[in-house]
Amino acid sequence: MLVIRKYQEPDDRKFIRRICCDTAFLGGPVEKFFNGREIVADLLTLYYTDYERESVFVAELDGQIVGYLTGCKNIKRQKRIFTTRILPVIAVRFILCDSILKKKNILFLYNCLRSFLKKEFFTTDISSEYPATLHINIDVRYRGIGIGKKLISEYLCYLKKEKIKGIHLTTVSVDAVRFFEKMGFTVLQKKKVSYLSYPDHKKLYRFILSKKLTDEKADVVK
């Protein structure tokens, strides 16, 4: 039996972090581009599990957590807390750890710097119209059975009750774009990125999708 429920600390934390790292690179493990699971898990999930856990949902199938959705109601608050409280601590830990000198990590940092200099990380501010955001991951063994749709449906209902007027998200997966378009999202921007450039992924694009939530009926997935 599938159950979509709110995040419960601390029991759900380790499962969210594991699934996050197992699916961090286009649905594959983080080790494809970076060595350091704890650092990546902190970068991608720490804000949500520590600062806005009320906006985190998990999918539990027969008592086992198989997916999650991390969300925030105000992207400006998320960026402020991440930049001032989370990122500095992670940066220090990374500098002091052994993995900083690993070839794969040096390549990733170089690609990130190149993307930054190309202004690939800069986007139009849409936070006033679409203040909320989300990130969703499903264990690869349980994809294609509607879990993602139910997680998003539950989250959108939650945002509407909170009177949030719009939501946006970012992805580099073309398959994810198709999935979110079926959920009523629209592509606002498509931009080539190089920070995830590897021999088998030379041409990747970052998509920004959005969806208005005001004056709409609640999304219900049967």
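Trainee: Is the crossing of H1 and H2 left-handed or right-handed?

Mentor: It is right-handed. A crossing is called right-handed if the near helix is turned clockwise from the far one by less than a right angle, and left-handed if anticlockwise. Before we go on, this is a predicted model, where local features need pLDDT of at least 70 and side-chain atom pairs count only at pLDDT 80 or more, while totals for chains, interfaces and linings use all residues. Residues are numbered from 1 along each chain as its sequence is written, and side-chain values use heavy atoms, leaving out hydrogens and water.

Trainee: At what angle do H1 and H2 pack?

Mentor: Helices (H or I, at least four residues) and strands (E, at least two) are DSSP runs, numbered from the N terminus. Axes are lines fitted to C-alpha atoms, for helices over the stretch in contact, and angles run from 0 to 180 degrees between N-to-C directions. Here H1, residues 13-22, packs against H2, residues 37-51, at about 130 degrees, and the axes are 9 Å apart. That is why H1 counts as oblique to H2 (under 35 degrees is roughly parallel, over 145 roughly antiparallel, 65 to 115 roughly perpendicular, the rest oblique).

Trainee: Which residues of H1 and H2 make the contact?

Mentor: Contact means heavy atoms within 4.5 Å. On the H1 side they include Arg 13, Ile 16, Arg 17 and Cys 20, and on the H2 side Arg 37, Ala 41, Asp 42 and Thr 45 are among them. By class, the contact has 6 nonpolar, 2 polar and 8 charged residues (Ala, Val, Leu, Ile, Met, Phe, Trp, Tyr, Cys and Pro are nonpolar; Asp, Glu, Lys and Arg are charged; the others, Gly among them, are polar).

Trainee: Is Asp 42 buried or exposed?

Mentor: Asp 42 is buried, at 7% relative accessible area; buried means under 20%, exposed over 50%, and partly exposed in between, using a 1.4 Å probe and protein chains only. Not counting residues up to four places away in sequence, Asp 42 touches Arg 17, Ile 86, Ile 90 and Arg 93. Arg 37, which also lies in H2, is partly exposed at 29%. The C-alpha atoms of Arg 37 and Cys 20 are 9.2 Å apart, though 17 residues separate them along the chain.

Trainee: How do the axes of H2 and H3 cross?

Mentor: The axes of H2 and H3, residues 75-96, come within 10 Å and cross at roughly 145 degrees, again in a right-handed way. Among the residues that meet are Leu 43 and Tyr 47 of H2, with Ile 81 and Phe 82 of H3. This contact divides into 12 nonpolar, 1 polar and 5 charged residues.

Trainee: In what order do the strands form the sheet?

Mentor: Two strands pair if DSSP finds at least two bridges between them. Here 7 strands form an open sheet of mixed pairing, in the order E1-E2-E3-E4-E5-E7-E6. E1 and E6 are the edge strands, each pairing on one side only.

Trainee: Which strands are joined to E7 by bridges?

Mentor: E5 is joined to E7 by 6 bridges and E6 by 7, both antiparallel. Thr 171 has Phe 207 of E7 as its bridge partner, and Gln 189 stands opposite Ile 208. E7 is mostly covered, with 7 of its 9 residues buried.

Trainee: Which helix lies across E1, E2, E3, E4, E5 and E7?

Mentor: That is H5, residues 147-161, running at about 155 degrees to E4.
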